[in-house]
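Please look over this model with me before we discuss it.

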Amino acid sequence: MKFMGAVNIVVVTLLGILVSDSHCKVVQFIFGDSLSDVGNNRYLSRSLAQANLPYYGIDFGNGLPNGRFTNGRTVADIMGDHYGLPRPPAFLDPSLTADVILENGVNYASGGGGILNETGSLFIQRLSLYKQIELFQGTQKLIKNQIGAEEAAKFFQGAKYVVALGSNDFINNYLMPVYSDSWNYNDKTYIDYMMETLGDQLKILHGSGARELIVFGLGPMGCIPLQRVLSTNGACQERANNLALSFNKAGSQLLQQLSSKLPNASFRFGDAYDVVNDVITNPSKYGFTNSDSPCCSLGRIRPALTCIPASTLCKDRSKYVFWDEYHPSDSANQLIANELIKKFGFLGNNQNAPAPAPEIAPSPEGK
Ligand SMILES: *[C@@H]1O[C@H](CO)[C@@H](O)[C@H](O)[C@H]1NC(C)=O
Ligand SMILES: *[C@@H]1O[C@H](CO)[C@@H](O)[C@H](O)[C@H]1NC(C)=O
């Protein structure tokens, strides 16, 4: 009896090791721009796209700037929390190790980055999507060295992928006459060019093991405060909004195509254009009081370009759709995330139970 018990324990222990070895944690790899950046640009010392100064991060954790270009959480933060996934650290965070990656995944998102390499060059330094993919492939080598090729392949195939770029390709490229893309393309050929590039990039990710991947579409970017100040009456820029709609339509078709063509791929596209457009038109319907100007602003100086310590904050940050000239507030991000969760539904073969509430979920209070 005693002997059998000992054998049992040995067998159980062996199985335990085998099971835990071949069951890597499900983590996320996030590719994006300032809407998803969680600190990469902090380490790009020459980048002009920075969220290093107060009051960025005021409603997140200890309230100090953390690299997010908003007062609280990003859309990807809120969605990941909902699906019970760990929040991936910034790739450029010096404390990132293979063990941290195996537990949490990685976030490569960089403020000013675009689908196209040339996008955002005015910011001097930023990680474009191709660069982010290169860094991801470097990450794969590191993990392979740590756990072996077979386990690494399972780890990367079991992970979730988020790709969320595109607005800079318009706002900080095509719609700015200083960029040659603005005169080399028209609306249709530019979106074709973006789709061809994005298609190639997503195929590389699939070739590197990505199986479950979601792409976020664009919101009504002609209504961000920065775009509104360009028109004399403060109205939304219809052209920018129409480009976002065309991008979303083409993106949705591209993802359907890729998903049916690439083996074992669940590649999906979702946008929150309609609901954001409705919030902007009818803010009170959603509990907002302002949908056309930034919560953080510098007196009457518009556009203020960034939020700085000399800025003043709106009374109630939870009632402003926009945090600064470009970026939605935490409460607007919550609304966008809710819409995307509704569209994407339950993410595939997710072993993690949905988390009941985000760990760091500050409810912005007026100050
Ligand atoms: C884009 O940049 C990457 C480096 O990050 C480079 O390998 C690639 O060739 C570039 N693509 C184009 C079309 O310029
Ligand atoms: C697709 O999934 C099947 C079943 O899990 C597997 O045998 C096959 O190798 C996978 N193919 C690719 C390209 O991932």
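The numbered points below go from the overall fold to single residues.

1. Ground rules. This is a predicted model: local features need pLDDT of at least 70, side-chain atom pairs count only at pLDDT 80 or more, and totals for chains, interfaces and linings use all residues. Residues are numbered from 1 along each chain as its sequence is written, and chains are lettered from A and ligands numbered from 1 in the order in which they are written.

2. Overall make-up. The protein has 12 helices and seven strands. Helices (H or I, at least four residues) and strands (E, at least two) are DSSP runs, numbered from the N terminus. Of the 367 residues, 46% are buried. A residue is buried if 20 or more other C-beta atoms lie within 10 Å of its own, exposed if 12 or fewer, and partly exposed in between, with C-beta atoms placed from the backbone. Take the contacts between residues at least 6 apart in sequence: 70% join residues at least 24 apart. Contact requires C-beta atoms, placed from the backbone, within 7 Å.

3. The sheet. Five strands form an open sheet, ordered E2-E1-E3-E4-E5, with parallel pairing. Pairing takes at least two DSSP bridges between two strands. E2 (105-107) and E5 are the edge strands, each pairing on one side only. On average, neighbouring strands are turned by 15° against each other, direction ignored.

4. Strand pairs. E1 (residues 28-32) and E3 (residues 160-164) run parallel and are joined by five bridges. Ile-30 has Val-162 as its bridge partner in E3. E4 (residues 212-216) pairs with E5 in the parallel sense, again over five bridges. Here Phe-216 is partnered by Gly-270 in E5.

5. Strand E5. In a regular strand the side chains alternate between the two faces of the sheet. Helix H12 (residues 330-344) lies across E4 and E5 and runs at about 140° to E5.

6. Helices H4 and H8. How are H4 and H8 oriented to each other? H4 (residues 129-147) and H8 (residues 187-207) pack at about 5°, with axes 11 Å apart. Axes are lines fitted to C-alpha atoms, for helices over the stretch in contact, and angles run from 0 to 180 degrees between N-to-C directions. H4 and H8 are therefore roughly parallel (angles under 35 degrees). Leu-129, Tyr-130 and Ile-133 of H4 meet Gln-201, Ile-204 and Leu-205 of H8. That contact has five nonpolar, one polar and no charged residues. Ala, Val, Leu, Ile, Met, Phe, Trp, Tyr, Cys and Pro count as nonpolar, Asp, Glu, Lys and Arg as charged, and the others, Gly among them, as polar.

7. Ligand site. Asn-117, Tyr-130, Lys-131 and Glu-134 surround ligand 1 (C-beta atom, placed from the backbone, within 6 Å). By class, the shell has one nonpolar, one polar and two charged residues. Tyr-130 also belongs to the H4 side of the contact with H8.

8. Asp-169. Beyond its neighbours within four places in sequence, Asp-169 contacts residues including Gly-114, Thr-119 and Met-194.

9. Leu-64. This residue sits in the loop between E1 and helix H2 (75-82). Leu-64 counts as exposed, because it has 12 C-beta neighbours inside 10 Å.

Technical notes: Angles under 35 degrees count as roughly parallel, over 145 as roughly antiparallel, 65 to 115 as roughly perpendicular and the rest as oblique. Two residues are in contact if their C-beta atoms, placed from the backbone, lie within 7 Å.
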